[in-house]
Amino acid sequence: MNKSFFVSLGIIALSACSQEISQVVAPTQVKQQAVVQVESARIDGSSLTSSESYTLAKESEIKAAKMDKGLLSGQLQVSLKTAFTVTLIITNNQSFAVPIQYRSGMTADLHLLDPQGNKIWAWSDTMMFTQAIRDVVIAAGKVIPVKFTLPKDALTQVKGKGYSLVAVYAGHATESTTVAMGEVRLSLDEYVNSLAI
């Protein structure tokens with residue numbers, strides 16, 4: 001009887017320890033999302049209304065590079081109003097919520113590729129991210145914009161036609177073997193002359 005009492009007491013103690021760990025981890029995850037926000041990108045879990053989504057499309061110079069491979073779809077939109085700003089629009093077009101895991105504080109990255117496909121600049125090169133795991137659920141129909149601004153030193157590397165941008169989504173689907181979202185590519189050929197690079 002004493003042995004079963006001690007075994008029960010040990011199980012209760014282990015259960016209490018795991019609850020304490022989960023309570024400690026939750027505030028850390030909230031802080032990570034605040035760190036992830038880039039150029040006022042809304043990745044805090046709030047969704048865009050349809051009018052906000054339309055506004056994003058209306059303000060962008062060109063809607064381009066739509067990608068539908070994977071559970072989530074992605075689209076790159078470019079705005080030249082104040083700077084060369086690229087917005088990755090992540091959309092869950094599924095009829096169900098999609099559980100996603102981020103293995104760092106980064107939600108997505110943006111790469112600049114030369115005509116041979118070599119990466120010559122990445123938004124994440126000058127950033128630091130938390131290394132904690134984040135689990136989120138993206139509701140059906142939810143839209144998440146992530147904004148990037150290309151600095152002048154990156155744009156000066158574009159020497160003519162054939163350069164492109166590639167958005168790389170950092171999330172991984174946790175309940176499916178299907179990729180969460182494939183890479184989204186956008187040719188910079190249309191922008192070479194207008195940027196006066």
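Modeller: In this predicted model, Tyr 169 counts as buried because its relative accessibility is 7%, and the cut-off for that term is under 20%. Tyr 102 is likewise assigned as buried, since its relative accessibility is 4%.

Biologist: How many aromatic pairs does the count come to?

Modeller: A pair of aromatic rings is described by two quantities, the distance of the centres and the angle of the planes. In this case four aromatic pairs are counted. One of them joins Tyr 102 and Tyr 169: the ring centres are 5.8 Å apart and the planes stand at 80 degrees, so this pair is edge-to-face.

Biologist: Why is the pair of Trp 123 and Phe 148 edge-to-face?

Modeller: The planes of Trp 123 and Phe 148 are at 80 degrees, with the ring centres 5.2 Å apart, and therefore the pair is edge-to-face; the angle required is over 60 degrees. Trp 123 is in the loop between strand S6 (119-122) and strand S7 (134-138), whereas Phe 148 is in strand S8 (residues 143-149), so parts 25 residues apart in sequence are tied together by this pair. Both partners count as buried: Trp 123 has a relative accessible area of 6%, and Phe 148 has a relative accessibility of 0%. Ring pairs also bring in Phe 129, which forms a cluster with Trp 123 and Phe 148.

Biologist: With which residues is Ser 124 in contact, leaving aside its neighbours within four places in sequence?

Modeller: They are Met 106, Asp 109 and Phe 129. Ser 124 sits in the loop between S6 and S7, and at 19% relative accessibility it counts as buried. Asp 109 lies 15 residues from Ser 124 along the chain, and their C-alpha atoms are separated by 6.1 Å.

Biologist: Let us turn to the strands. In which sense do S3 and S8 pair?

Modeller: Strands of a sheet pair through backbone hydrogen bonds, either parallel or antiparallel. Strand S3 (residues 85-91) and S8 pair in the antiparallel sense over seven bridges. Opposite Ile 89 stands Pro 145 of S8. S8 is largely enclosed by the rest of the structure, because five of its seven residues are buried.

Biologist: In what order do the three strands of the open sheet follow one another?

Modeller: The order is S7-S4-S10, and the pairing is antiparallel. S7 and strand S10 (171-173) are the edge strands, as each pairs on one side only. On average, neighbouring strands of this sheet are turned by 35 degrees against each other, with direction ignored. S4 and S7 run antiparallel and are joined by five bridges; Ile 100 has Val 136 in S7 as its bridge partner.

Biologist: Over which residues does pLDDT stay under 50?

Modeller: Where pLDDT is low, the predicted coordinates should not be read in detail. Here pLDDT stays under 50 over residues 6-63, a stretch for which the model has 64 contacts beyond four places in sequence. For the protein, the average pLDDT is 74, and 63% of the residues score at least 70.

Methods:
Residues are numbered from 1 along each chain as its sequence is written. This is a predicted model: local features need pLDDT of at least 70, side-chain atom pairs count only at pLDDT 80 or more; totals for chains, interfaces and linings use all residues. Side-chain values use heavy atoms; hydrogens and water are left out. Rings of Phe, Tyr and Trp (its six-membered ring) pair if their centres lie within 6.5 Å; planes under 30 degrees apart count as stacked, over 60 as edge-to-face and the rest as tilted. Buried means under 20% relative accessible area, exposed over 50%, partly exposed in between (1.4 Å probe, protein chains only). Helices (H or I, at least four residues) and strands (E, at least two) are DSSP runs, numbered from the N terminus. pLDDT is the predictor's confidence in each residue, from 0 to 100. Contact means heavy atoms within 4.5 Å. Two strands pair if DSSP finds at least two bridges between them. Axes are lines fitted to C-alpha atoms, for helices over the stretch in contact, and angles run from 0 to 180 degrees between N-to-C directions.
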